[in-house]
Amino acid sequence: MAPESRPQVTEVPSQKPAYPAERFNYTGTIENANKLIFENGWSLGLPVIPPTPERVKATLKGTGRSPDEILWVIPPRNGALTVELLAVHAAMAGCKPEYMPLLITVMEAFSEESYDWMGAATTTGSEAPMVMVNGPIVKELGIAYSSGCLAGGYHANVSMGYAINLIGAVVGGSVASAQIDRSVLGSRANIIANFFGENEDANPWEPYHVEKDFKPTENVVTVMSGDLIPLQELHCRTGTEVLITISSYLSGGARCFGGGAFVGPGCSKSYFLMLSPERAAILAKDGWTKDAVRKYIVEHAKTPYGATSPKWCAIPKDFGPVTPETLVPVFGNPEEIEIVVAGGPGTHSAYVRGGHGSIVTKLIKK
Amino acid sequence: MKETVHQRELINPEGTIVLPARGKIDADSCRPVALEGKTVALLWNAKTNGDLFLSRIGELLAEQVKDVEVIKLWEVDPATKRYGPAAFPAEIVNKVKALKPAMVIGSQGD
(Lines give C-alpha, C1' and ligand atoms only; values in the text may rest on other atoms or scores of the structure.)
Protein backbone atom coordinates (compact mmCIF):
# COMPACT_ATOMS: atom_id res chain seq x y z
CA MET A 1 0.00 0.00 0.00
CA ALA A 2 1.26 3.43 -0.82
CA PRO A 3 1.29 6.03 1.91
CA GLU A 4 -1.88 8.09 2.13
CA SER A 5 -0.62 11.06 4.12
CA ARG A 6 -0.66 14.42 2.44
CA PRO A 7 0.38 17.59 4.21
CA GLN A 8 -1.96 20.49 3.84
CA VAL A 9 -1.09 23.23 1.41
CA THR A 10 -0.82 26.06 3.87
CA GLU A 11 1.21 28.97 5.19
CA VAL A 12 3.53 28.48 8.13
CA PRO A 13 1.48 29.44 11.20
CA SER A 14 2.34 32.59 13.09
CA GLN A 15 4.54 32.08 16.11
CA LYS A 16 5.00 33.65 19.48
CA PRO A 17 7.62 36.39 19.38
CA ALA A 18 11.12 35.42 20.50
CA TYR A 19 11.29 38.53 22.66
CA PRO A 20 10.45 39.13 25.42
CA ALA A 21 10.76 35.63 26.85
CA GLU A 22 7.71 34.31 28.66
CA ARG A 23 7.35 35.27 32.34
CA PHE A 24 5.43 33.32 34.96
CA ASN A 25 4.74 33.63 38.66
CA TYR A 26 6.16 31.07 41.02
CA THR A 27 5.73 30.55 44.74
CA GLY A 28 7.99 28.13 46.57
CA THR A 29 11.44 27.46 47.96
CA ILE A 30 14.68 27.64 45.96
CA GLU A 31 14.81 23.85 46.13
CA ASN A 32 11.32 23.53 44.70
CA ALA A 33 12.10 26.07 42.00
CA ASN A 34 15.05 23.94 40.96
CA LYS A 35 12.82 20.87 40.94
CA LEU A 36 10.36 22.66 38.67
CA ILE A 37 13.17 23.84 36.42
CA PHE A 38 14.69 20.36 36.15
CA GLU A 39 11.36 18.63 35.57
CA ASN A 40 10.60 21.04 32.73
CA GLY A 41 13.89 20.13 31.08
CA TRP A 42 15.37 23.56 31.79
CA SER A 43 18.50 22.34 33.56
CA LEU A 44 20.94 19.47 33.25
CA GLY A 45 20.67 18.11 36.78
CA LEU A 46 22.97 20.55 38.51
CA PRO A 47 21.29 23.32 40.51
CA VAL A 48 20.72 26.67 38.82
CA ILE A 49 19.93 30.13 40.04
CA PRO A 50 16.23 30.69 39.25
CA PRO A 51 16.10 33.30 36.45
CA THR A 52 14.24 36.31 37.77
CA PRO A 53 13.71 39.38 35.54
CA GLU A 54 15.85 41.43 37.96
CA ARG A 55 18.79 39.06 37.74
CA VAL A 56 18.52 38.83 33.95
CA LYS A 57 18.33 42.62 33.67
CA ALA A 58 21.52 42.90 35.73
CA THR A 59 23.25 40.33 33.50
CA LEU A 60 22.18 42.23 30.37
CA LYS A 61 24.12 45.25 31.65
CA GLY A 62 27.26 43.40 30.56
CA THR A 63 26.50 43.97 26.88
CA GLY A 64 25.39 46.81 24.66
CA ARG A 65 23.65 44.40 22.29
CA SER A 66 19.90 44.72 22.07
CA PRO A 67 18.08 42.07 24.16
CA ASP A 68 15.67 41.32 21.30
CA GLU A 69 18.44 40.47 18.84
CA ILE A 70 18.29 36.84 17.73
CA LEU A 71 21.85 35.52 17.88
CA TRP A 72 21.13 32.05 16.58
CA VAL A 73 18.29 29.65 15.90
CA ILE A 74 19.71 26.54 17.54
CA PRO A 75 19.14 23.09 16.04
CA PRO A 76 17.74 20.53 16.39
CA ARG A 77 14.86 22.25 18.24
CA ASN A 78 15.20 25.50 16.29
CA GLY A 79 14.96 27.50 19.49
CA ALA A 80 15.58 31.22 19.05
CA LEU A 81 18.47 32.41 21.20
CA THR A 82 17.98 36.11 21.80
CA VAL A 83 20.50 38.20 23.71
CA GLU A 84 17.91 38.25 26.51
CA LEU A 85 17.67 34.46 26.55
CA LEU A 86 21.45 34.16 26.60
CA ALA A 87 21.41 36.39 29.69
CA VAL A 88 18.75 34.13 31.22
CA HIS A 89 21.02 31.11 30.89
CA ALA A 90 24.10 33.04 31.95
CA ALA A 91 22.23 34.10 35.09
CA MET A 92 21.05 30.54 35.73
CA ALA A 93 24.63 29.28 35.50
CA GLY A 94 25.90 32.02 37.79
CA CYS A 95 27.82 33.99 35.15
CA LYS A 96 28.80 37.58 35.85
CA PRO A 97 27.46 40.36 33.57
CA GLU A 98 30.96 41.04 32.23
CA TYR A 99 31.04 37.54 30.71
CA MET A 100 28.30 38.49 28.23
CA PRO A 101 30.45 39.73 25.28
CA LEU A 102 32.51 36.55 25.43
CA LEU A 103 29.42 34.34 25.69
CA ILE A 104 27.82 36.13 22.73
CA THR A 105 30.95 35.52 20.63
CA VAL A 106 31.05 31.86 21.67
CA MET A 107 27.44 31.43 20.54
CA GLU A 108 28.14 33.21 17.26
CA ALA A 109 31.11 30.90 16.70
CA PHE A 110 28.97 27.82 17.39
CA SER A 111 26.37 29.12 14.95
CA GLU A 112 28.75 29.14 12.00
CA GLU A 113 27.86 26.48 9.47
CA SER A 114 31.39 25.09 9.45
CA TYR A 115 31.14 24.26 13.20
CA ASP A 116 28.23 21.89 12.47
CA TRP A 117 26.42 22.26 15.78
CA MET A 118 23.62 19.99 14.57
CA GLY A 119 25.99 17.10 13.93
CA ALA A 120 27.94 17.65 17.15
CA ALA A 121 24.82 17.99 19.31
CA THR A 122 23.02 14.91 18.04
CA THR A 123 25.83 12.49 17.21
CA THR A 124 26.20 9.05 18.77
CA GLY A 125 29.76 10.08 19.67
CA SER A 126 30.86 11.56 22.99
CA GLU A 127 32.11 14.84 21.62
CA ALA A 128 31.47 18.05 23.54
CA PRO A 129 32.15 21.75 23.07
CA MET A 130 35.64 23.09 23.73
CA VAL A 131 36.24 26.81 24.17
CA MET A 132 39.69 28.42 24.36
CA VAL A 133 40.16 32.12 24.99
CA ASN A 134 43.15 34.28 24.04
CA GLY A 135 44.04 37.89 24.73
CA PRO A 136 43.91 40.28 27.68
CA ILE A 137 40.33 39.24 28.44
CA VAL A 138 41.66 35.98 29.90
CA LYS A 139 43.14 37.80 32.89
CA GLU A 140 40.46 40.50 32.97
CA LEU A 141 37.73 37.90 33.51
CA GLY A 142 39.85 35.55 35.62
CA ILE A 143 39.67 32.71 33.11
CA ALA A 144 41.94 29.89 34.29
CA TYR A 145 44.78 29.02 31.94
CA SER A 146 47.35 27.47 34.27
CA SER A 147 47.15 24.64 36.83
CA GLY A 148 43.97 22.61 36.54
CA CYS A 149 42.38 25.04 34.10
CA LEU A 150 39.90 22.33 33.03
CA ALA A 151 39.07 21.41 36.60
CA GLY A 152 36.79 23.03 39.14
CA GLY A 153 37.43 26.03 41.34
CA TYR A 154 37.48 28.63 38.56
CA HIS A 155 34.28 30.61 38.44
CA ALA A 156 34.60 31.98 34.91
CA ASN A 157 35.55 28.65 33.32
CA VAL A 158 32.93 26.61 35.14
CA SER A 159 29.98 29.02 34.95
CA MET A 160 30.49 29.81 31.26
CA GLY A 161 31.13 26.14 30.51
CA TYR A 162 27.81 25.36 32.19
CA ALA A 163 25.88 28.19 30.50
CA ILE A 164 26.96 26.98 27.05
CA ASN A 165 25.58 23.51 27.60
CA LEU A 166 22.40 24.78 29.24
CA ILE A 167 21.70 26.80 26.11
CA GLY A 168 22.44 23.86 23.81
CA ALA A 169 20.14 21.58 25.76
CA VAL A 170 17.29 23.90 26.70
CA VAL A 171 17.10 26.25 23.70
CA GLY A 172 18.67 23.87 21.17
CA GLY A 173 16.92 20.78 22.49
CA SER A 174 19.90 18.41 22.31
CA VAL A 175 19.20 16.46 25.47
CA ALA A 176 20.55 12.95 25.93
CA SER A 177 17.86 11.93 28.40
CA ALA A 178 15.21 12.90 25.84
CA GLN A 179 16.99 10.83 23.16
CA ILE A 180 17.56 13.89 20.99
CA ASP A 181 21.28 13.94 21.68
CA ARG A 182 21.94 10.36 20.58
CA SER A 183 25.31 10.06 22.28
CA VAL A 184 26.03 6.45 23.28
CA LEU A 185 27.89 7.46 26.44
CA GLY A 186 27.98 11.24 26.47
CA SER A 187 30.58 13.20 28.33
CA ARG A 188 30.81 15.25 31.50
CA ALA A 189 31.89 18.05 29.15
CA ASN A 190 28.29 17.95 27.87
CA ILE A 191 27.43 19.42 31.30
CA ILE A 192 30.38 21.74 31.91
CA ALA A 193 32.12 22.37 28.60
CA ASN A 194 35.91 22.33 28.36
CA PHE A 195 36.52 26.05 28.78
CA PHE A 196 40.01 27.51 29.35
CA GLY A 197 42.46 30.20 28.40
CA GLU A 198 45.68 29.61 26.54
CA ASN A 199 48.69 29.98 28.83
CA GLU A 200 50.24 32.77 26.79
CA ASP A 201 52.71 33.65 29.58
CA ALA A 202 54.30 30.23 29.37
CA ASN A 203 54.01 29.83 25.61
CA PRO A 204 57.48 29.83 24.05
CA TRP A 205 55.97 30.34 20.62
CA GLU A 206 53.44 32.91 19.47
CA PRO A 207 49.97 32.53 21.03
CA TYR A 208 47.35 30.66 19.05
CA HIS A 209 45.37 33.76 18.09
CA VAL A 210 48.49 35.54 16.83
CA GLU A 211 49.29 32.47 14.72
CA LYS A 212 45.81 32.97 13.25
CA ASP A 213 46.63 36.60 12.30
CA PHE A 214 45.00 38.36 15.24
CA LYS A 215 46.91 40.99 17.22
CA PRO A 216 48.30 40.00 20.63
CA THR A 217 46.07 42.65 22.24
CA GLU A 218 42.90 41.36 20.60
CA ASN A 219 40.52 39.11 22.48
CA VAL A 220 39.74 35.96 20.56
CA VAL A 221 37.72 32.84 21.15
CA THR A 222 38.33 29.45 19.53
CA VAL A 223 35.72 26.70 19.57
CA MET A 224 35.68 23.12 18.42
CA SER A 225 33.72 19.97 19.08
CA GLY A 226 35.63 16.89 20.17
CA ASP A 227 36.76 14.47 22.85
CA LEU A 228 39.43 15.54 25.32
CA ILE A 229 41.99 12.81 25.82
CA PRO A 230 44.77 12.99 28.43
CA LEU A 231 48.30 12.60 27.14
CA GLN A 232 50.18 11.37 30.15
CA GLU A 233 53.94 11.19 30.24
CA LEU A 234 56.57 11.79 32.87
CA HIS A 235 60.04 10.90 31.75
CA CYS A 236 60.93 12.80 28.58
CA ARG A 237 64.03 14.97 28.77
CA THR A 238 64.43 16.13 25.18
CA GLY A 239 62.13 17.54 22.56
CA THR A 240 62.52 14.45 20.44
CA GLU A 241 61.52 12.22 23.35
CA VAL A 242 58.44 14.37 23.88
CA LEU A 243 57.51 14.06 20.21
CA ILE A 244 58.07 10.30 20.15
CA THR A 245 55.63 9.98 23.06
CA ILE A 246 53.05 12.31 21.54
CA SER A 247 53.25 10.59 18.17
CA SER A 248 52.75 7.26 19.87
CA TYR A 249 49.61 8.53 21.63
CA LEU A 250 48.21 10.02 18.45
CA SER A 251 48.78 6.78 16.52
CA GLY A 252 45.71 5.23 18.10
CA GLY A 253 42.15 5.52 16.92
CA ALA A 254 42.25 2.97 14.09
CA ARG A 255 42.35 5.68 11.45
CA CYS A 256 44.86 6.87 8.91
CA PHE A 257 45.36 9.68 6.42
CA GLY A 258 43.17 12.00 8.48
CA GLY A 259 40.30 9.59 8.70
CA GLY A 260 40.26 8.36 5.14
CA ALA A 261 36.98 7.54 3.49
CA PHE A 262 34.95 8.06 6.63
CA VAL A 263 35.73 11.75 6.86
CA GLY A 264 33.07 13.47 4.81
CA PRO A 265 32.10 17.11 4.59
CA GLY A 266 30.70 17.05 8.12
CA CYS A 267 33.58 15.38 9.89
CA SER A 268 36.58 17.04 11.45
CA LYS A 269 40.14 15.96 10.84
CA SER A 270 41.50 18.31 13.46
CA TYR A 271 43.50 17.41 16.52
CA PHE A 272 43.96 20.18 19.08
CA LEU A 273 47.18 19.48 20.95
CA MET A 274 47.27 21.15 24.38
CA LEU A 275 50.90 21.03 25.45
CA SER A 276 51.83 21.60 29.06
CA PRO A 277 54.14 24.61 29.49
CA GLU A 278 57.03 22.35 30.54
CA ARG A 279 56.73 20.23 27.43
CA ALA A 280 56.42 23.27 25.18
CA ALA A 281 59.52 24.72 26.86
CA ILE A 282 61.57 21.56 26.25
CA LEU A 283 60.54 21.53 22.60
CA ALA A 284 61.31 25.22 22.09
CA LYS A 285 64.65 24.95 23.91
CA ASP A 286 65.64 22.15 21.54
CA GLY A 287 64.76 24.36 18.58
CA TRP A 288 61.39 22.88 17.63
CA THR A 289 58.94 25.31 16.05
CA LYS A 290 55.21 24.60 15.90
CA ASP A 291 55.51 23.79 12.19
CA ALA A 292 58.39 21.41 12.86
CA VAL A 293 56.38 19.70 15.61
CA ARG A 294 53.43 19.24 13.24
CA LYS A 295 55.70 17.87 10.50
CA TYR A 296 57.34 15.43 12.91
CA ILE A 297 53.99 14.12 14.12
CA VAL A 298 52.67 13.65 10.57
CA GLU A 299 55.82 11.69 9.70
CA HIS A 300 55.98 9.61 12.87
CA ALA A 301 52.41 9.02 14.07
CA LYS A 302 51.84 5.77 12.20
CA THR A 303 49.90 2.62 12.76
CA PRO A 304 49.93 -0.80 11.10
CA TYR A 305 47.43 -0.87 8.25
CA GLY A 306 45.98 -4.06 9.73
CA ALA A 307 45.12 -2.15 12.93
CA THR A 308 43.00 0.45 11.12
CA SER A 309 39.32 0.39 10.42
CA PRO A 310 38.55 0.00 6.71
CA LYS A 311 36.11 2.92 6.87
CA TRP A 312 38.67 5.13 8.57
CA CYS A 313 41.55 4.47 6.26
CA ALA A 314 41.65 5.27 2.56
CA ILE A 315 45.11 4.69 1.21
CA PRO A 316 45.98 7.19 -1.54
CA LYS A 317 46.71 5.56 -4.90
CA ASP A 318 50.29 6.84 -4.94
CA PHE A 319 51.09 5.32 -1.52
CA GLY A 320 51.96 1.95 -2.99
CA PRO A 321 51.01 -1.57 -1.97
CA VAL A 322 50.16 -2.25 1.66
CA THR A 323 50.12 -5.34 3.83
CA PRO A 324 48.59 -5.56 7.32
CA GLU A 325 52.08 -4.80 8.68
CA THR A 326 52.65 -1.66 6.59
CA LEU A 327 52.91 1.43 8.76
CA VAL A 328 50.49 4.06 7.50
CA PRO A 329 50.36 7.69 8.71
CA VAL A 330 47.51 8.75 10.96
CA PHE A 331 47.47 12.30 9.61
CA GLY A 332 47.07 13.42 6.03
CA ASN A 333 48.84 16.77 6.45
CA PRO A 334 50.26 19.10 9.14
CA GLU A 335 47.22 21.40 8.99
CA GLU A 336 45.23 18.73 10.82
CA ILE A 337 47.22 19.47 14.01
CA GLU A 338 46.72 22.65 16.04
CA ILE A 339 49.14 23.42 18.88
CA VAL A 340 48.42 25.47 21.99
CA VAL A 341 49.95 25.74 25.45
CA ALA A 342 47.71 25.27 28.47
CA GLY A 343 47.88 24.18 32.06
CA GLY A 344 50.37 24.63 34.87
CA PRO A 345 53.63 23.10 36.09
CA GLY A 346 54.01 19.40 35.32
CA THR A 347 54.58 17.18 32.36
CA HIS A 348 51.15 15.97 31.32
CA SER A 349 49.42 17.32 28.23
CA ALA A 350 46.17 16.51 26.44
CA TYR A 351 44.57 16.67 23.05
CA VAL A 352 41.09 17.17 21.71
CA ARG A 353 40.20 14.85 18.86
CA GLY A 354 37.85 16.62 16.52
CA GLY A 355 34.37 15.26 16.04
CA HIS A 356 32.00 17.11 13.77
CA GLY A 357 32.65 20.36 12.01
CA SER A 358 35.67 22.61 11.98
CA ILE A 359 37.56 24.76 14.46
CA VAL A 360 36.14 28.31 14.48
CA THR A 361 38.17 31.28 15.75
CA LYS A 362 36.43 34.61 16.29
CA LEU A 363 37.23 38.10 17.53
CA ILE A 364 35.40 39.14 20.72
CA LYS A 365 33.75 42.53 20.32
CA LYS A 366 32.82 44.40 23.46
CA MET B 1 15.32 22.89 58.43
CA LYS B 2 12.47 24.93 57.04
CA GLU B 3 13.31 26.75 53.81
CA THR B 4 11.99 30.18 53.02
CA VAL B 5 9.10 30.28 50.55
CA HIS B 6 9.51 33.01 47.95
CA GLN B 7 6.97 34.54 45.64
CA ARG B 8 8.70 35.59 42.48
CA GLU B 9 8.45 36.06 38.76
CA LEU B 10 10.63 33.73 36.69
CA ILE B 11 11.57 33.68 33.03
CA ASN B 12 10.98 30.59 30.92
CA PRO B 13 14.45 29.74 29.55
CA GLU B 14 13.22 27.65 26.60
CA GLY B 15 12.65 30.38 24.07
CA THR B 16 10.34 30.12 21.11
CA ILE B 17 10.78 27.85 18.14
CA VAL B 18 11.50 29.53 14.84
CA LEU B 19 10.38 27.48 11.88
CA PRO B 20 12.29 27.84 8.63
CA ALA B 21 10.55 30.34 6.36
CA ARG B 22 9.20 28.12 3.62
CA GLY B 23 6.32 30.18 2.37
CA LYS B 24 3.58 28.38 0.55
CA ILE B 25 4.12 24.71 -0.21
CA ASP B 26 3.21 24.10 -3.83
CA ALA B 27 1.26 21.05 -4.88
CA ASP B 28 4.30 19.43 -6.54
CA SER B 29 6.15 19.42 -3.21
CA CYS B 30 3.46 17.47 -1.37
CA ARG B 31 3.92 13.82 -0.60
CA PRO B 32 2.24 11.70 -3.25
CA VAL B 33 -0.89 9.82 -2.26
CA ALA B 34 0.19 6.83 -4.33
CA LEU B 35 3.53 5.54 -5.61
CA GLU B 36 2.30 3.18 -8.32
CA GLY B 37 4.29 3.81 -11.49
CA LYS B 38 6.40 6.46 -9.81
CA THR B 39 10.10 6.78 -8.98
CA VAL B 40 11.42 6.60 -5.44
CA ALA B 41 15.01 7.66 -4.78
CA LEU B 42 16.94 6.28 -1.80
CA LEU B 43 19.52 8.67 -0.34
CA TRP B 44 22.26 7.16 1.83
CA ASN B 45 24.28 9.37 4.16
CA ALA B 46 27.31 7.03 4.06
CA LYS B 47 26.91 5.82 7.64
CA THR B 48 27.45 2.11 8.21
CA ASN B 49 24.44 -0.11 7.45
CA GLY B 50 22.31 2.79 6.21
CA ASP B 51 22.59 1.29 2.73
CA LEU B 52 21.29 -2.05 4.02
CA PHE B 53 18.33 -0.33 5.67
CA LEU B 54 17.46 1.60 2.54
CA SER B 55 17.94 -1.42 0.31
CA ARG B 56 15.41 -3.35 2.39
CA ILE B 57 12.94 -0.47 2.05
CA GLY B 58 13.55 -0.62 -1.70
CA GLU B 59 12.82 -4.35 -1.71
CA LEU B 60 9.58 -3.87 0.21
CA LEU B 61 8.47 -1.08 -2.11
CA ALA B 62 9.19 -3.24 -5.16
CA GLU B 63 7.20 -6.08 -3.62
CA GLN B 64 4.22 -4.02 -2.54
CA VAL B 65 3.87 -1.16 -5.03
CA LYS B 66 3.03 -1.87 -8.63
CA ASP B 67 5.48 -0.56 -11.25
CA VAL B 68 7.46 1.51 -8.76
CA GLU B 69 11.01 2.34 -9.83
CA VAL B 70 13.50 2.41 -6.98
CA ILE B 71 16.77 4.26 -7.49
CA LYS B 72 19.66 3.82 -5.08
CA LEU B 73 21.27 7.21 -5.47
CA TRP B 74 24.61 6.09 -4.09
CA GLU B 75 24.91 3.62 -6.93
CA VAL B 76 23.90 6.17 -9.56
CA ASP B 77 26.18 8.88 -8.19
CA PRO B 78 28.52 8.22 -5.22
CA ALA B 79 28.78 11.99 -4.70
CA THR B 80 25.33 11.89 -3.07
CA LYS B 81 26.78 9.89 -0.13
CA ARG B 82 27.15 12.88 2.16
CA TYR B 83 26.26 14.28 5.52
CA GLY B 84 27.03 17.34 7.58
CA PRO B 85 26.19 21.02 7.28
CA ALA B 86 27.17 21.27 3.63
CA ALA B 87 25.75 17.90 2.62
CA PHE B 88 23.35 19.08 -0.01
CA PRO B 89 24.61 21.96 -2.12
CA ALA B 90 22.52 22.96 -5.13
CA GLU B 91 24.67 20.77 -7.36
CA ILE B 92 23.65 17.62 -5.48
CA VAL B 93 20.01 18.69 -5.14
CA ASN B 94 19.82 19.32 -8.88
CA LYS B 95 21.31 15.92 -9.63
CA VAL B 96 18.59 14.28 -7.57
CA LYS B 97 15.85 16.46 -9.04
CA ALA B 98 16.97 15.54 -12.54
CA LEU B 99 15.91 11.95 -11.83
CA LYS B 100 12.37 13.25 -11.15
CA PRO B 101 11.65 11.14 -8.07
CA ALA B 102 8.15 11.37 -6.59
CA MET B 103 9.75 10.77 -3.20
CA VAL B 104 13.25 10.70 -1.71
CA ILE B 105 13.82 8.50 1.33
CA GLY B 106 16.95 9.20 3.35
CA SER B 107 18.74 7.37 6.13
CA GLN B 108 20.11 9.60 8.85
CA GLY B 109 22.15 8.84 11.90
CA ASP B 110 24.18 5.73 12.45
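This is a predicted model: local features need pLDDT of at least 70, side-chain atom pairs count only at pLDDT 80 or more; totals for chains, interfaces and linings use all residues.
Which residues in H3(A) meet which residues in H7(A)? Residues are numbered from 1 along each chain as its sequence is written, chains are lettered from A and ligands numbered from 1 in the order in which they are written, and side-chain values use heavy atoms, with hydrogens and water left out.

Okay, back to the helices. On the H3(A) side we have A:Leu86, A:His89, A:Ala90, A:Met92 and A:Ala93, and they meet A:Ser159, A:Tyr162, A:Ala163, A:Leu166, A:Ile167 and A:Val170 in H7(A). Contact here means heavy atoms within 4.5 Å. Sorted by class, this contact has nine nonpolar residues, two polar ones and no charged ones. For those classes, Ala, Val, Leu, Ile, Met, Phe, Trp, Tyr, Cys and Pro count as nonpolar, Asp, Glu, Lys and Arg as charged, and the others, Gly among them, as polar.

In our case, helix H3 (residues 83-93) and helix H7 (residues 155-170), both of chain A, have axes that come within 8 Å and cross at roughly 130°. Axes are lines fitted to C-alpha atoms, for helices over the stretch in contact, and angles run from 0 to 180 degrees between N-to-C directions. H3(A) and H7(A) are therefore oblique to each other; under 35 degrees would be roughly parallel, over 145 roughly antiparallel, 65 to 115 roughly perpendicular, and the rest is oblique. By the way, helices (H or I, at least four residues) and strands (E, at least two) are DSSP runs, numbered from the N terminus.

Next, the aromatics. Over all chains, the structure holds ten aromatic pairs. One of them is A:Trp72 with A:Trp117: the ring centres are 5.2 Å apart and the planes sit at 85°, so this pair is edge-to-face. Rings of Phe, Tyr and Trp (its six-membered ring) pair if their centres lie within 6.5 Å; planes under 30 degrees apart count as stacked, over 60 as edge-to-face and the rest as tilted. Since A:Trp72 is in strand E2 (residues 70-74) and A:Trp117 in helix H5 (residues 117-122), both of chain A, the pair ties together parts that are 45 residues apart in sequence.

Are these two buried or exposed? A:Trp72 counts as buried at 9% relative accessibility, and A:Trp117 counts as buried at 9% as well. Buried means under 20% relative accessible area, exposed over 50%, partly exposed in between (1.4 Å probe, protein chains only). A:Phe110 is buried too. Ring pairs link A:Trp72, A:Phe110, A:Tyr115 and A:Trp117 into a cluster.

Now another tryptophan. A:Trp312 sits in the loop between strand E8 (302-304) and strand E9 (327-329) of chain A, and at 33% relative accessibility it counts as partly exposed. Its C-alpha atom is separated by 41 Å from that of A:Pro47, 265 residues apart along the chain.

A:Pro47 also turns up beside A:Asn34: leaving aside neighbours within four places in sequence, A:Asn34 is in contact with A:Pro47 and A:Val48. A:Asn34 lies in helix H1 (residues 30-39) of chain A and counts as buried at 14% relative accessibility.

Last stop, chain B. There are three helices and four strands, running β-β-α-β-α-α-β from the N terminus on.
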